[in-house]
Amino acid sequence: AADGRRIVLLHGALLGEPFPGTVLFGVSGVGKSTTMTRYRAGGGGGSADDLILLGWEKDVPVVRPLPSWKTFRNDPELYTVPTAPLSRLLCLDRAARNEAEHIRPLDRQMFQLRLVDALLEHVVYTIRVLPDPERARASGAVIETAQCLSRRFEPCLLAARLDGDIMKTLTLP
């Protein structure tokens, strides 16, 4: 529950200014790191493109970047970044060849399923080896978190393109 104690890992990219607290989540290889690179090239900030800690403070979802080992080794100060309120969740996917980069509504159930996938990405192998009661508790936490977030945030998909203007796209509702 959103009780201030549960913390989970989320596979995603955490954007900084000018869209702080925006998280792009998706499957491995979909382009989170590439989109983060494009975002930074456009003047945006951000310090996580793979692992994010997601927790709750007084019923408000908060996020904290977890830098990769390479990033941490190059700049250990990134690990001291405070939590930020989660302001927007966007499921990341690649745009079709014939369409421009855009944000569109996503079916709430599909949004929730993709959230479960992103929440399991880095823990699925650990969960598999847990004893039954702990495995059930950890799996339940993932599902409950995905349900809570899919109710709290408008389910949207960011269909990204390498040649798109990510800063302009993110200003869209």
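Modeller: A helix here is a DSSP run of H or I that is at least four residues in length, and helices are numbered from the N terminus. In this predicted model, Arg-137 has its place in helix α5.

Biologist: What makes Arg-137 buried, partly exposed or exposed?

Modeller: The relative accessible area of Arg-137 is 53%, and the term exposed applies to values over 50%, so Arg-137 counts as exposed. Its C-alpha atom is 9.6 Å from that of Ile-127, a residue ten places away in sequence.

Biologist: What does the chain as a whole look like in terms of secondary structure, and what share of its residues is buried?

Modeller: The chain has six helices and nine strands, and 42% of its 173 residues are buried, where buried means under 20% relative accessible area. Among contacts between residues at least 6 apart in sequence, 70% join residues at least 24 apart.

Biologist: Which residues of α3 and α5 meet, and how do they divide into nonpolar, polar and charged?

Modeller: From α3 come Arg-108, Phe-111, Gln-112, Leu-115, Val-116, Leu-119 and Leu-120, and from α5 come Val-142, Thr-145, Ala-146, Gln-147, Leu-149, Ser-150 and Arg-151. The residues of this contact divide into eight nonpolar, four polar and two charged, and since Arg counts as charged, Arg-108 and Arg-151 belong to the charged group.

Biologist: What makes a set of residues a nonpolar core, and which members of the largest one touch the most other members?

Modeller: The members must be buried and joined through side-chain atoms within 4.5 Å. The largest core has 27 residues, of which Leu-10, Val-23, Phe-25, Leu-86, Leu-89, Leu-115 and Leu-149 touch the most other members. Elements that give two or more residues to this core include strands β1, β2, β4, β7 and β9 as well as helices α3 and α5, and the largest share, five residues, comes from α3. A second, separate core of 16 residues includes Ala-13, Phe-19, Leu-24 and Cys-156.

Biologist: Which residues does Leu-86 touch, not counting those up to four places away in sequence?

Modeller: Leu-86 touches Gly-21, Val-23, Leu-54, Pro-61, Val-62, Val-63, Leu-149 and Phe-153.

Biologist: What makes the backbone at Lys-58 and Asp-59 worth a remark?

Modeller: Most residues other than glycine have a negative phi. Phi of Lys-58, however, is near 50 degrees, and phi of Asp-59 is near 70 degrees, both of them positive values in residues other than glycine. Lys-58 lies in the loop between β4 and β5, where Asp-59 is also found. With a relative accessible area of 80%, over the cut-off of 50%, Lys-58 is exposed, whereas Asp-59, at 44%, counts as partly exposed.

Biologist: What is the peptide bond from Glu-17 to Pro-18, cis or trans?

Modeller: That bond is cis, with omega near 5 degrees, and Pro-18 lies in the loop between β1 and β2. Most peptide bonds are trans.

Biologist: How do you know that Arg-104 is in contact with residues beyond its neighbours in sequence?

Modeller: Contact means heavy atoms within 4.5 Å, and, leaving aside neighbours within four places, Arg-104 is in contact with Pro-155, Cys-156 and Leu-157. Arg-104 has its place in strand β8, and its relative accessible area of 36% makes it partly exposed.

Key
Residues numbered from 1 in each chain as written. Heavy atoms only, no water. Buried < 20%, exposed > 50% of the residue type's maximum accessible area, 1.4 Å probe, protein only.
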